[in-house]
Amino acid sequence: MKTNYGRLGQEALFALNSSSKQAESVQTRLLIGLLRRNQDTEYGKKYGFGEIKSPLEYQKMAPLSVYADYEGYIRRMIDGENGLLTKEPAIYYCISSGTTGEAKYLPLTETDLRLQYIYAYGVPFGMARNYYKGLCEEEVFGDIFQIGEFAKTSMENGVMNGIRSGCVYQWLDRDGEFDAGDYCVPKEVLFPKKLEDLLYVKARFALARRSIRAIHGVFINRVAGVMDYIWRNWETLLFDMEHGGVDSGVCISQKWREFVTEKLPPNPARAKELRLLSYERLKCGMVKKIWPNARYILAIGGRAFSYYTKKMETYAGDVPIYHYAYAASEGIFGVAERMGRADAYILFPQAGFFEFLPLLNENEKEKEEEEKEQGRPLFLWELRLGGRYELIFTNHSGLYRYCMGDVVQVVGWYEKAPVVRFCYRKNQIMNIAGEKSNQEQLAEAIRQFSVRMNCEITGYCVREDVSDVLPGYLFYLECQKPLDCPLAYAQEVLDECLCGVNYEYLGCRRMKEIKEARICYLMAGSFGRYEQYLEKIGRQTGQNKQVCILNTKEKIQFFDRHRLDG
């Protein structure tokens with residue numbers, strides 16, 4: 001059945017507004033309802049869910065938890081046992097992208113999937129409709145260029161599995177009834193039988209469809225990568241469009257060569273139209289030049305993706321980017337507050353039950369004392385503007401008081417629901433001598449370095465360097481152009497930038513506990529090849545975040561092979 005995007009968007013926004021106005025009561029009812037439904041599960045009996053009557057009692061009765069606390073239950077669930085974590089069965093197992101290299105399986109119930117459909121899938125359409133109030137719906141909604149693909153995969157027991165960003169599409173098409181008519185690619189491309197690199201295929205179909213209204217992706221680095229691919233392969237793509245063939249240098253299987261040739265006959269008129277665009281000026285505002293009716297771009301970006309966000313903004317021109325969701329494998333926590341604003345997510349009260357551990361700020365210790373004395377995490381309605389907190393989450397799929405490790409900061413309010421920005425993950429830090437450099441600080445140091453050196457950093461990652469008497473940081477940098485300065489000078493500047501963003505790092509350097517940061521340069525295209533490598537070994541790339549801290553042997557070996565000095 002064809003989706004009515006305008007109606008779905010309006011209904012989703014109504015749900016968001018309604019629950020946000022009653023955030024405290026919605027959260028309390030949600031928690032008590034979850035506990036009642038699951039009181040007879042093995043986990044519920046263990047922690048007395050049937051006796052809990054308030055959020056405060058919940059904090060006293062149920063412990064904080066991490067994935068290891070659920071691993072045994074989940075293994076038993078996969079083997080066929082029921083009633084362990086939730087009364088409602090799991091209909092999908094989310095494969096976590098993980099931060100340690102170890103795959104984690106997280107169960108999702110249909111309730112969880114319906115919430116994701118309403119908020120992460122539906123709200124963006126409502127936000128787009130509000131942004132273009134002066135246009136009729138036919139001018140706002142239409143053909144979608146979906147960057148991702150959603151191979152239908154399953155566990156040995158037949159239950160669907162895959163990445164979080166793809167679960168809604170698999171669920172919507174569980175009976176083969178999802179209408180892909182509004183997507184620029186045929187359904188076979190949207191739901192391939194196995195994971196393959198279909199970038200060329202998707203680009204060909206997208207270029208052929210002048211009427212595209214929206215570009216949908218997950219993380220902005222992937223969407224920017226697709227735009228890069230189109231720009232860099234412009235002539236090849238147009239030549240193939242004009243003649244209806246596939247260039248011999250394109251790396252796709254014979255199956256997909258034949259598919260493209262069959263579905264996309266020669267289109268000299270569209271190729272001629274696109275060739276009228278000046279290639280020299282194509283990059284700036286490219287989206288609107290290729291697709292004049294484009295209304296918005298869906299992709300998660302912001303400070304954590306600063307390089308790719310800036311690059312995508314160049315491609316987007318005046319087409320707004322909606323940084324649509326704050327999410328993880330464990331849940332969809334928030335939706336972007338509005339079009340065109342990054343790092344501002346409304347924590348919607350129906351997502352699950354939220355708790356927050358306050359983080360002490362050196363400049364605000366007095367204000368924190370009252371919260372510290374409470375000796376407990378805070379509830380959603382107890383947060384304050386500007387405060388930083390570690391997120392604890394209870395979802396609809398069997399995670400209770402789960403320590404996410406995410407640090408968020410309250411940047412505003414949407415009715416009575418907090419608007420937050422994601423700062424960093426606590427387990428994604430560099431910590432050699434107690435300096436605890438987080439992703440936020442590392443990204444800012446790289447930004448300052450690029451400004452001081454007047455260079456464009458295509459990508460970076462860092463690992464601990466123990467090759468000398470003193471340990472230190474080893475940065476892998478992929479630059480748009482080679483730096484015109486001695487390596488020693490570049491390392492000195494980068495180290496100064498690190499000292500400037502992290503006082504603890506500065507102290508460790510002064511005490512000679514950490515040596516000066518080192519740099520090694522990467523071959524051009526290294527980060528693009530890393531995504532290709534992940535695809536080759538069967539990792540779904542739709543959920544890949546930009547790699548930052550190299551915390552596995554596999555990652556280190558890959559980037560070591562791509563060093564220019566290697």
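Let's start with the ring cluster. Tyr5, Tyr117, Tyr121, Phe125, Phe141, Phe150, Tyr169, Trp171, Phe178, Tyr183 and Phe191 are joined into a cluster by ring pairs. Keep in mind that this is a predicted model.

One member also meets a charge. The charged end of Lys152 sits over the ring of Phe191. The distance to the ring centre is 5.2 Å. There is another contact of this kind, at Tyr132. Here the charged end of Arg295 sits over the ring, 5.8 Å from its centre.

Now the pairs. How many aromatic pairs does a search of the whole structure find? The count is 45. Take Tyr169 and Phe178, which pair edge-to-face. Buried or exposed, Tyr169 and Phe178? Both are buried. Tyr169 and Phe178 also belong to the cluster I opened with.

Next pair: Phe527 and Phe559. This one is tilted, with 45° between the planes. Centre to centre, Phe527 and Phe559 are 5.1 Å apart.

The cut-off for buried is under 20%. Phe559 comes in at 0% relative accessibility, and therefore counts as buried too.

Conventions
Residues are numbered from 1 along each chain as its sequence is written. This is a predicted model: local features need pLDDT of at least 70, side-chain atom pairs count only at pLDDT 80 or more; totals for chains, interfaces and linings use all residues. Side-chain values use heavy atoms; hydrogens and water are left out. Rings of Phe, Tyr and Trp (its six-membered ring) pair if their centres lie within 6.5 Å; planes under 30 degrees apart count as stacked, over 60 as edge-to-face and the rest as tilted. Buried means under 20% relative accessible area, exposed over 50%, partly exposed in between (1.4 Å probe, protein chains only). A charge sits over a ring if NZ of Lys or CZ of Arg is within 6 Å of the ring centre and within 35 degrees of the ring normal.
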